[in-house]
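Biologist: Can you walk me through this one? I'm new to reading structures.

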Amino acid sequence: MNLNERIPNNVNLSEDKKLQRALEKWLPNYLDWWHEMGPEGFQQKDVYLRTAISVEPDGWANFDFVKMPDYRWGIFLKPAAPDAKIGFGDNHGQPAYQEVPGEFRNSLRRIIVTQGDTEPASVEQQRQLGATCPSLYDLRNLFQVNVEEGRHLWAMVYLLQRYFGRDGRDEADALLERRSGSPDKPRILEAFNQPCDDWLNFFCFTMFTDRDGKYQLSALAESGFEPLARTCQFMLTEEAHHMFVGDTGINRVVKRTAQLMKQGDVRQQGGIPLDIIQKHINFWFSYSLDLFGGEISSNSADFFAAGLKGRYKEQDQYEDHVAANETFTMTVVEDGKLQSREVGLRNALNEVLRGEYVKDCEKGLARWNKTLGEEGVSERLYLPHPRFHRHVGEYAGHYFDIEGNLISQEEFEQLKSEWLPSIEDREYVRSLMHPVTEPGKIANWIAPPATGIKGKPFEFEYVRL
Ligand SMILES: [Fe+2]
Ligand SMILES: [Fe+2]
């Protein structure tokens, strides 16, 4: 690994002068973007961050105080496996692609651009959150997530610039030009244009939306396009912490809410009522389901056939890596009714991946409900039905209740405020968001974490203000 170059990397950048020049040209634009759209107000503060110094198991999580603009963004790929093979699809067992296969150039570029676009988008969405952090521990976690999303952008930009020539360079520039929520130049995916301006939204985002990232990256981590696979494998190691932040963040809110419920009215005591937490779960879960794409998709079939995007844990979970003749039974809306339809498995792979994601989310719900039980509260949280509140795929344009029953648009509009955060709910949550920045102190609406970061106590001064 070369850490001393302007762009730290383990891809021998100094031997590819053209690429090095292109990336060095992109670097100042990236830093401008970071200063303009990165965390507001804390750029000159020392933050206790982990930085990758090698991709070996012991080297990628090196902890120290760093100012965010000095973070070592760079290009780190898992080392190449000798004799890598395509793991699935029509070319199963043949040598992996080291360059982009011509006929898939456009779709592969779109996949990389779409993934790449989410990384800076989330930093933009979370830009203001530092001002209302519930503790220094949480502030540090926010910044850790932010700098790593910045690095994920680097990872995708490397692929674009290295493997897609001129259009790759244009796409890399465009990634710094779109803005989350902008009416003229929005980010590509809707979940990444939603405001994430309070900490309940942030925890839901890192729980549900970052978790979509885990499944997309996992499906690409076994790609037959080897450089993409190796990039995603390393990104996944960082992604785990983001989901930890969301999962434990909600768990701590739930715990505090349960404690306040036992003492009386949660609102009067400045906590977040359980029904508002539930509505935020409904909102972010449904938007995150959309990120998997249409239930029935010829793109997913083409990509699987080409060996470019597989299933979750393709090698571990499946025996038949060709999956040419299998079928999948889907529920679709036809003639105003829910009906079963049989489709080829390869056309259903978005839905298959979404199913894995839902199972993973359910585990989070079980953890939060365990907390409620331990606190002696009988209410429980749940996931809405996957058909609820969808904007992409078979269920978009139809209306469903929280249990997935088809209802009319009028019924939906009437009941919407029981299921999704209303303006008043959002305003109430925002009214609780006041910064707590004294080491060891924490806001009233959330419980402290069970442990600190890297063996440090909760009281540690994670950000030096
Ligand atoms: Fe990411
Ligand atoms: Fe992430």
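Modeller: We'll go from the overall fold to the metal site, a strand and some aromatic rings.

Modeller: This is a predicted model, so local features need pLDDT of at least 70, side-chain atom pairs count only at pLDDT 80 or more, and totals for chains, interfaces and linings use all residues. Residues are numbered from 1 along each chain as its sequence is written, chains are lettered from A and ligands numbered from 1 in the order in which they are written, and side-chain values use heavy atoms, with hydrogens and water left out.

Biologist: How many helices and strands does the protein have?

Modeller: There are 12 helices and seven strands. Helices (H or I, at least four residues) and strands (E, at least two) are DSSP runs, numbered from the N terminus.

Biologist: And how compact is the protein?

Modeller: Its radius of gyration is 22 Å, close to the 23 Å from the globule rule for 465 residues, so the protein is as compact as a globular protein of that length. That radius is taken over C-alpha atoms, and the rule is 2.2 Å times the number of residues to the power 0.38. The C-alpha atoms fill a box of roughly 65 × 60 × 40 Å along the principal axes.

Biologist: What percentage of the residues count as buried?

Modeller: 59% of the 465 residues. Buried means under 20% relative accessible area, exposed over 50%, and partly exposed in between (1.4 Å probe, protein chains only).

Biologist: Switching topic. Which residues are the protein donors of the iron ion (ligand 1)?

Modeller: E119 (OE), E149 (OE) and H152 (ND1), lying 2.1 to 2.2 Å from the ion. Donors are N, O and S atoms within 2.8 Å of the metal (3.2 Å for Na, K and Ca); water is not among the atoms, so sites may look incomplete. Along the chain, the donors follow the spacing E-x29-E-x2-H.

Biologist: What parts does the pair E119 and H152 tie together?

Modeller: E119 lies in helix α2 (residues 105-125) and H152 in helix α3 (residues 136-163), so the pair ties together parts that are 33 residues apart in sequence.

Biologist: Are those two buried or exposed?

Modeller: E119 counts as buried, at 3% relative accessibility. H152 counts as buried too, at 0%.

Biologist: What does E149 bridge?

Modeller: E149 bridges the iron ion (ligand 1) and the iron ion (ligand 2). The two ions lie 3.4 Å apart.

Biologist: Now strand β1. Which strands does it pair with?

Modeller: Six bridges join β1 to β2 (residues 62-67), and the two run antiparallel. Two bridges join β1 to β7 (residues 463-464), again antiparallel. Two strands pair if DSSP finds at least two bridges between them.

Biologist: Which residues are bridge partners there?

Modeller: L49 partners D64 in β2. V47 partners V463 in β7. Strand β1 (residues 46-51) is mostly covered, with five of its six residues buried.

Biologist: Last topic. How many aromatic pairs are there?

Modeller: A search of the whole structure finds 40. Rings of Phe, Tyr and Trp (its six-membered ring) pair if their centres lie within 6.5 Å; planes under 30 degrees apart count as stacked, over 60 as edge-to-face and the rest as tilted.

Biologist: How are Y30 and W33 arranged?

Modeller: They form a tilted pair, 5.6 Å centre to centre, with 40 degrees between the planes. Both Y30 and W33 are buried. They sit three residues apart in helix α1 (residues 17-37), separated by about one helical turn.

Biologist: Which residues form an aromatic cluster?

Modeller: W26, Y30, W33, W34, Y71, W73 and W154 form one cluster.
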